[in-house]
Amino acid sequence: MAIDDNEHEYLPAAYTEQHAALAPTPVLASLRATSLTDNHTSLVVAKPDRVEVWDVTETGLVWVAELKVWGTIVSIDQVSVEGSRPHIVVLLSPPNARALMVAFDKATSVLVVTSSQPLSPPTPTLRAAEFFSAIVAQERIALVSLWIGVISCLEIDVDRKSSGKKKRLSKVLSDEDAILKFRDNYNINIREHNLLHISFLPISTYGPTLTFLWLTATNELRLQARSVMTASHSLADLSLPIDVVQPASKLSVSEDTDFNDIPFSCPAARRVVPVPSVTPDGVRSLLVTGDEHTVLYTLSPRELESPNDAGKATSGPGTSPRANARRSPQEELTSGNVKRRKASMGGSKAATAPTDGRGLELIPRWRIRQGFGTVLATEILEDHCTGASAIIGDEYGALTAVGWEFRKGDGGGRLGTVQVLQTAVDSTSPPSSLTYLGASHLFVSSAVADSVLLRLPSLGDSCDSQTAKSGKSKQVAKGDESEAWSVIYTKGREKVAAEGSAQVLERWMNVAPVKDMCAVKDASGGLSHLLLASGASESNSLRIIRSGVGLEELTNILGLDSVERMWPITNSGISQLLLSTPTSTILLQIEPTISIKNTSQVFSNSPTLAAGIASEDGRLVQVIPKGLYVWADVVAGVLGGQMEIDEQIVCAQVVGKWVVIAKRGGGVSVFKTTTDGFELQATKVLSNEVSAVSIFQGPLPGPVIAIATWTTQIYLYTLSQLADSSEPVALTQEAYATSLQLKSPVAGSHSAQLLAGLSSGTLVTYDISIDNGALVLKSRKSNSLGSQPLVLFPTTSPKCEPSIISIGITERMSVIFESNSKTEFSSVNKKDILAVTDLQTSSGPVFAVYSASSGLSLVRVTSLKKLHVQTCDMGSTSTSKLAHVEHLGAVACGATKRLVLEDGDLEETNWVEVRDESTLGFMASYTLKERELVTSIRSVLLYGTQYLAVGTALLPEEEGDSWDEGNLAVVKEGRVLLFKAEQESGQWRLGLEMEVSTVGAVYALETIHGFLAVAAGSEVSLPNFPNINRSLTRVASWASAFVISHLAVIPPFGSREDGDLIVGDGMRSVIVLQVDEGSGKIYDDERDMATHGVVALGRVQDGGEGIVIADSHANIMTYRLSSALEKAATFGLHEEVSKFQSGSLVPSSSAPEVITPDVLFTTRDGRLGVIGQLTDSAARTLDDLQRNMEREWKGPGEVGWRNWRRAGTEVVGKETVGFVDGDFVQHFLEPFFYESEERDKVLQGASSHEHISKIGENGKEQATLEDVVRLLEATASMH
């Protein structure tokens, strides 16, 4: 590639491009907003890279708008200030950490950023301690917990003035409502160095009031109320801190303590949920939730309680009441083998609370135990001044509802009674948040499973009237009542009885977290589909992802053989199909009943080359090899007119009243249909045989005719040019055209468009205009739809968006459609298709598809999406490792099932299983040892025999400090198992053939030169197995790494005649080893010494063989394997990659002159991405486009692309180099750019040296708008 050394000396010789085929799917948070849009109630959801707004309507949730952000969303909250519209405040994590103020513009129905506030640490040394928990807002204040010991305060102001001079790239509100902006930002130092949760209480005379829940340096869990002092930039204590583990007792706590026996204890408390209502005497209440318990606290003036009822703060740790306190709920669900110890966590020793003049007091009122699951979300359903109801969701998806009511008087010397009702509701997805939409509708957001919209049952109906005396119910811990209030507990339904009581109204697909991925190949060796292992807790699943059009089969029609062509014949409301075989023509009636119609022998005794309904009077036009016919009534045999042709007709097309035919010898004639026959309009004899013809009228003065010959030429004529033998527009192809289709253009700037299907399987598209009566070629682009000759079947369906314009048939079927003023295509997962046509029926448009294997089927297109996801629900069975076993037509999985016992402990079983690659039906399994976990799995060929190789880790016992949950680095032992699958009496079984023990967990398995390479701990070994026993013996080993987490094999190429074994070090970078083909000895160590920390590794093409890695800093990097290991490209993805997989969602030859896609990758957030190698010219053009767009296009909050995609670490950043961000450059085709003056700014650059260029025959040339659009459309088709 020609590079200007002065301008781009750092660029590699071949670029790679990154696209997202599937955007992140988890819902991290949601909230209910009122009057945000024109609708009264809206649902706002936050996904990792976007905020979406859905209106709540009587028919369900309706999408309204979305805002994609350049960053990762941590949290959202609603801001409402009197005199302004509702706003949403969005918190983004580093890098580019900032808070965004977002409003909905009702005039344009878009979300706009009204203000942006970057968030930076007070000192650079705090960067290593940065972490984000949430953002909370109330009135004119928003607070963010940013760093250990720091709270960031953002003051909010109402901006009633106009926005002033508006930047073209900054969307602003179009109406006159006041907007909110950040006015000031400052940090408040706090003494709490592990803040777990903050929340705003209802407005009071104390000003903005907060609850702080934190873990002290002495391992105490404390809760306190404070007010925000905006004038002094500080916080003021409103109450004494209280120990939520021992709020009303002084007990010695150890690991064996049963916290059920400690009154009001809430071990492992993690969040505080304020109740919006306030009692008439100013008492506020709040729920504190933990792993097993929920406690209601009141915050009231001291004088409202008796002196003996003061809450007692405690101090002095024994054991931490909260393990891994800084871990998020999602991390806890997906971090590995979580084992619960009986009685949850430890507590703390008692101490005397200090006394001072603080006037409010936190007092626990009642406690319930919802179960063993970690509580992830709580939502207030209804509240009033004397009580409320709430719903609680835990890590297992169990929903528990609780309602309470304070009644004064009749308290036996106390202030009154509290009636508490607890009932199980149902089981659903583990929630990241719960949002009550009203009228018993609850939206369950989930980061680890599908999000759902539920209709809840009535809570009153769930009570079985089991009333227990206060503190004495077997379901309630003793002593859980204060001295001031008597508590009456009522227990409703148990979890088992509540199953299925909530109705699922909507389900939002979520494939995150992705734990592993494998590619399943079809019979031709191409990619059939991807299989993903996803989910957590009780909501695990296997997901099949297919690329192509979604079809629903309506019916299959038997008894029709050898159909070659089909046409829709719908007349007088009767849907019919005209079918042509090699020797005959059949008229098939579809409605009202399916039947073959009897027709005259003239009509049926010959094959039909072309047919259609004449536009003049609705008569049927039929072209057969010997002539043309106009039928007034086919069934009755009434012929309107005919024309015999001397020479044999080889191809033809009927479009309305126009008919074009090609005869043997190169003759071409154009006819106009009349009521009684045909009128010859023009004729032409070409010097070569004709392979395809097409005709198009449209809005042009006369029809345009396209003629293709067997000599790779296509000729374009107007009717007048064909009649007077004028020179045509000649188009030369790399292969001859097997079919042609002239049609109306996608955009209004051209007169017509030509689609040409070539014998090579390539689809070529030309835009054509007419200038002074002459045809002018405007642009050309090509896409490969296969490798066999491409036959186009034009459609006649009514135009809509998107509009299907043609069906292409090669070795597979592709749907060609128009969407957003672009021509796109998507493949169909059906084989052996010979003919297709569309058909209008009473139930809408359908497609008739004829297959050599299954006959004629009527199908409906359900979706033109590029990707389709099918789900196999695995429930509590987690699959963590996947491999395609091609010789069995199966996939192998490492599976783990965890069962919650009555005492809260988890019983775990691990096994290897094999499932059908298409249906995921169970085939066979093999149970592993106790606490043996599958860590790698692969299908291998050793000594001519196919085996399933499985690597495991034998986890240490729970007791002691040797086992850190989820950390395989401390595993001391593993195994390599070789299985053979055999079928006996119709049943499959996995037989263990041989095994070998390893030192450490087996992270990866590969085969090289017939040896099995095993990565265990810090060593790579090549074991061999003799014939005398079933054990493996070591041939060679290499141990010069920290943690060998990944392996990859590069086949022999160039100077590397023996190929390479690539090692990915989980603590360092990549190492290249060579293995002797005969002896298996390992030698020639090349390595990159950077401390990247490899989390994923794969092969990539980058001007030759190369490797791609994802590091622990969320970057993607590539290396070339030339004479030495050479670092090539770097990209700041800012997401954790879970797997690289060689393959492509579309044929790699789809656009070979632009890009060759060869790598797929998934992230933990559910993103599916594509990496491909650009050609030199495409790389030059798209890199220039990316550079120029970076100046003109800013992300939400005025974030520049260069900063957003900055790679490196938080301390040392690096520029993105060698990658074109496909998602970013696609913005050029959006109307804002494409239909404005910004388009020309980007094309021309800031100077003549920055004009977007390409590499042509004469070297570097200026690229046109059509060149850029063609490249963008070609790269977009890769996903």
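The buried residues of helix α11 are Leu1265, Asp1267, Val1268, Val1269, Leu1271, Leu1272, Glu1273, Ala1274, Thr1275 and Ala1276; buried means under 20% relative accessible area, with a 1.4 Å probe and protein chains only. The model is predicted, so local features need pLDDT of at least 70 and side-chain atom pairs count only at pLDDT 80 or more, while totals for chains, interfaces and linings use all residues. Residues are numbered from 1 along each chain as its sequence is written, and side-chain values use heavy atoms, leaving out hydrogens and water.

**Helix α11**
- Because 10 of its 12 residues are buried, α11 is largely enclosed by the rest of the structure.
- Helices (H or I, at least four residues) and strands (E, at least two) are DSSP runs, numbered from the N terminus.

**An open sheet**
- Four strands form an open sheet in the order β77-β78-β79-β80, with antiparallel pairing; two strands pair if DSSP finds at least two bridges between them.
- The edge strands, β77 (1044-1050) and β80 (1082-1087), each pair on one side only.
- Strand β79 (residues 1070-1075) pairs with β80 over 4 bridges, and Ile1071 stands opposite Arg1087 in β80.

**Backbone exceptions**
- Most residues other than glycine have a negative phi, and most peptide bonds are trans.
- Ala512 and Pro513 are joined by a cis peptide bond, with omega about -10°.
- Leu920 has a positive phi of about 60° and, at 4% relative accessibility, counts as buried.

Note on methods: Buried < 20%, exposed > 50% of the residue type's maximum accessible area, 1.4 Å probe, protein only.
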